Amino acid sequence: MQDPGTFSLPIGVLSKLGMPIERLFARAGVAPSNVWATSEFFRIWAAAEEEFNDPGAGIRFGDEGIARGYGVAAIVALHAPDFRSALAALSRYKILTCPECVEVEAKGDEAIVRYRWLQATGPVPRLLVDMTMASLRQLARRGTGGKVAPIRLELTRRPSDEALLRRHFGCPIVFGAASDAMVFDRAALDVPFVTADGGAFAHVLDGLEQCIRYGEGFSAFVAEVCVAIARQLSEGRQPSVAAVAARLNLSTRTLQRRLRELGTSFQQQFGRVRRTTAGRLLVATDLDAVAISMLVGFAEPNSFARAFRHWERTTPTRWRDQRVNVPRIHEGTPP
């Protein structure tokens with residue numbers, strides 16, 4: 001049984017991307033393996049970003065990914081009957097190989113596909129985000145025979161290379177967003193997939209369900225709890241255990257019991273989401289520590305400062321200064 005919070009990605013995948021494997025692992029300070037903890041997973045992609053030093057590398061890898069069979073979840077999604085089913089498969093099985101949760105929300109005339117990096121305590125490597133988004137665009141394009149394309153791309157990072165991104169994705173780019181997301185017309189969800197293969201789809205799903213039963217990847221239930229907590233925070237509501245349980249249509253006792261069975265607790269996951277959200281806001285915005293403390297649910301800035309020092313062994317300001325090496329861009333200023 002794979003430890004919770006570890007992720008499998010064959011070294012062959014990195015080889016296909018043209019990365020010098022030995023130098024990459026040495027740069028990341030990670031031992032060659034097929035299974036990595038979240039921190040190691042991000043260090044590998046951060047090292048790859050430094051190795052390539054190419055703003056378009058992630059886009060190129062994402063475009064090639066489905067054709068070359070890099071991602072299990074995306075390949076399974078390609079055999080789904082329609083775009084809605086493909087996104088559902090992607091959401092469920094992405095957790096087997098990556099520390100991210102894919103959240104699909106139909107809102108008004110839009111279908112929003114959000115990527116929440118549940119265990120990231122700092123900025124997610126740009127190479128990984130760009131590859132993920134390019135892969136999703138390619139999945140939609142190839143699966144529907146070119147009938148579906150994004151209408152907006154939202155990125156948590158600061159403005160950079162907008163012309164490159166706009167040219168590739170063919171849609172407006174929003175920087176400093178609350179989460180990394182790709183937005184489609186809601187009607188796109190019902191567009192049939194020309195690559196559908198019902199028999200293959202059902203067969204592979206059975207195999208992936210078995211992987212989940214054996215505990216591989218990041219627990220789907222823990223991911224659901226983290227997303228519910230994040231939603232409460234984004235709506236300005238206190239994410240109490242009762243409120244989150246109600247959001248998941250569970251009793252408080254059931255929620256706590258299921259988390260306990262997975263070796264964790266509500267408070268641990270609440271703290272993880274707070275830490276992740278605070279880190280993202282510090283890196284992607286110019287909000288001060290007082291504003292961020294309120295956004296992550298602290299009643300007093302001093303409480304946030306103490307919690308942050310416990311997480312990162314430094315102050316929010318120093319932590320931000322160590323990671324943001326670009327001129328500050330005031331919120332609301334056009335890129």
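Two strands pair if DSSP finds at least two bridges between them; helices (H or I, at least four residues) and strands (E, at least two) are DSSP runs, numbered from the N terminus. The structure is a predicted model, in which local features need pLDDT of at least 70 and side-chain atom pairs count only at pLDDT 80 or more, while totals for chains, interfaces and linings use all residues. Residues are numbered from 1 along each chain as its sequence is written, and side-chain values use heavy atoms, with hydrogens and water left out.

**View 1. The hairpin of strands β3 and β4.** Strand β3 (residues 101-107) pairs with strand β4 (residues 110-116) in the antiparallel sense, over 7 bridges. Cys101 has Arg116 of β4 opposite. Between the two strands lie 2 residues, and Gly108 in the turn has a positive phi of about 65°.

View 2. Neighbours within four places in sequence aside, Leu87 is in contact (heavy atoms within 4.5 Å) with Val104, Val113, Leu136 and Leu189. Ala140 is 53 residues from Leu87 in sequence, and their C-alpha atoms are 9.3 Å apart.

**View 3. Helix α7, residues 126-143.** The end C-alpha atoms of α7 are 25 Å apart, which agrees with the 26 Å that its 18 residues should span at 1.5 Å a residue; the expected span is 1.5 Å times one less than the number of residues. Of the 18 residues in α7, 16 are buried, and the helix is mostly covered. Gly145, with a positive phi near 65°, follows α7.

Definitions and conventions:
Buried means under 20% relative accessible area, exposed over 50%, partly exposed in between (1.4 Å probe, protein chains only).
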